[in-house]
Structures are given as structure tokens and as C-alpha cells.
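Please find below a short note on the model under review. It is written as numbered points, to be read beside the structure.

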Amino acid sequence: RRSSDLWKIKGGLRAESSDYKGELLSNGSNFSYKYPIALFPSLFVTRVITEKQDIQFALNRKINRPSFMTLSPFTDYSDSLNIQRGNPGLKPEFTQSGELSWQWIPNKKNTVIVSAYGRYTTNVTVRQQFLEYSEFLGDTVVVTSYQNASSSQALGLEFVSRNTLAKWLEMSTNINVYNSSIDGTNLDPNLKNNISSYWIKSNITFKAPKNIAFQVMF
């Protein structure tokens with residue numbers, strides 16, 4: 001096999017910008033916010049080991065913009081037990097991620113993927129609750145709003161398996177073990193935490209006649 005057949009490289013670059021405009025029709029109050037142009041590069045490098053297995057390294061940058069409601073500065077009283085107010089100064093989250101994965105496809109019925117990954121996010125959106133007196137309700141209420149914490153990061157290992165056990169039975173399993181942390185000391189000197197955890201998810205699909213299928217999730 002030629003060396004050129006053993007390596008696959010794919011890269012990309014995306015530029016995005018967005019802006020929000022909102023108006024409260026009852027009194028004409030309005031707000032707006034514009035996010036400048038940001039660049040989002042991506043790189044994927046694959047090393048083919050055999051026809052049945054390969055190793056891939058991926059780097060990319062992503063954005064998670066705040067939703068319109070988390071930006072809206074107008075208080076939402078539609079649920080008196082869950083009063084919310086957006087923050088028009090919220091910044092979008094930017095995530096830099098890297099992943100090293102090994103994929104093995106021994107046959108058409110089975111696929112195994114093992115990945116090690118890391119993610120670093122800045123301007124993490126967090127909920128903030130505080131007490132204030134509401135003239136609208138005539139009482140002191142808890143208001144939920146939003147702020148940007150400095151950063152968060154996650155490191156983990158993931159195992160994915162997809163298996164056809166019979167013509168009428170398919171199963172997929174996903175195991176994720178990770179450590180994540182958040183740094184919000186820009187909001188509060190004590191707002192810093194980390195956790196190690198895991199989760200396991202499995203889907204079993206039963207295929208019945210006439211293109212009918214039943215799925216069970218654990």
C-alpha cells in the first residue's frame with residue numbers, strides 16, 4: 001500500500017457573526033447586541049492501520065450562543081414560581097476541543113470506537129438566583145438570571161459499540177468516564193468546583209415484520 005493511502009487529512013475554516021434585536025411591545029423598550037466575526041478552524045487527521053481499523057486525531061473550535069430568552073432583559077412572570085430575566089450582556093461560549101480515537105470495524109455487523117477527549121470552554125453560561133421585591137407581584141421573589149463564568153474544562157474516555165446480534169436484534173452501548181471542572185471566581189471567589197463521574201447508555205432495537213421496530217433504552 002502506498003504511504004499516501006495511509007494518511008487522510010481534512011481541514012476547514014468557518015467565519016460567523018450574529019446580532020440580536022428585541023422590543024417589548026407594551027412599552028416600546030428595546031435592546032440589541034451584536035457579536036463580532038469569529039473564526040472556527042477544524043482539523044482531522046486519520047492514520048489508516050488496516051482496512052478494518054484506523055486512528056483519528058481531531059481539533060476544532062465551536063460556539064454556543066445564548067438563546068434569545070437568556071438575553072432578554074424583560075422579566076418573565078408567566079410562571080410565578082419560576083421568575084426569569086435574561087442578561088443582554090451575555091457573551092457566547094467558545095469551546096476548543098481535541099479528540100484521539102481508535103475505530104475498529106471487524107465486519108459489517110460490529111463497530112467499536114474508543115476515544116480520549118478534552119474540552120476547554122470560556123464564558124460559560126451559568127444560572128444566578130437572587131432576591132428582589134416585585135411591585136408586579138407585591139412580594140419578595142426569587143429571580144433567575146444568567147452570567148458568564150470564566151471557564152470550564154473536561155477530560156474523559158468514551159467507549160462506543162454497535163452490534164448486530166441477529167437479523168431482528170441490534171444493540172448499541174456507550175460508556176463515558178470523565179472529570180469536569182468549572183471556574184467562576186470572576187463572579188464569586190468561592191465559585192470553583194470539579195467532579196469525576198461516568199454514565200452508561202444502551203439501546204436495544206427489535207425489528208418486527210412490516211418495517212415495525214421496538215426500541216428499549218437503559
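Predicted model: local features only at pLDDT ≥ 70, side-chain atom pairs only at ≥ 80, totals over all residues.

1. The whole structure contains four salt bridges. Three of them are described here, together with the exposure of the residues involved.

2. Glu-16 takes part in a salt bridge with Arg-14, at 2.4 Å from N to O. Glu-16 also meets the side chain of Arg-65 in a salt bridge, at 2.3 Å from N to O. This second pair links distant parts of the chain: Glu-16 belongs to strand 1, whereas Arg-65 lies in the loop between strand 3 and helix 1, and 49 residues separate them.

3. Through shared partners, Arg-14, Glu-16 and Arg-65 are joined into one network. Each member is partly exposed: Arg-14 has a relative accessible area of 37%, Glu-16 has 22% and Arg-65 has 28%.

4. Another salt bridge connects Arg-85 and Glu-132, whose closest N and O atoms are 2.5 Å apart. Arg-85 sits in the loop between strand 4 and strand 5, and Glu-132 in strand 6, 47 residues apart. Because buried means under 20% relative accessible area, Arg-85 counts as buried at 19%. Glu-132, at 23%, is partly exposed.

5. Strand 9 and strand 10 run antiparallel and are joined by six bridges. In one of these pairings, Thr-205 has Gln-215 of strand 10 as its bridge partner. The two strands form a hairpin with three residues between them, and Lys-210 in the turn has a positive phi of about 60°.

6. Why does strand 10 lie largely in the open? Of its six residues, the number buried is zero.

Technical notes
Residues numbered from 1 in each chain as written. Heavy atoms only, no water. Buried < 20%, exposed > 50% of the residue type's maximum accessible area, 1.4 Å probe, protein only. Helix = DSSP H or I, 4+ residues; strand = E, 2+ residues; numbered from the N terminus. Pairing = 2+ DSSP bridges.
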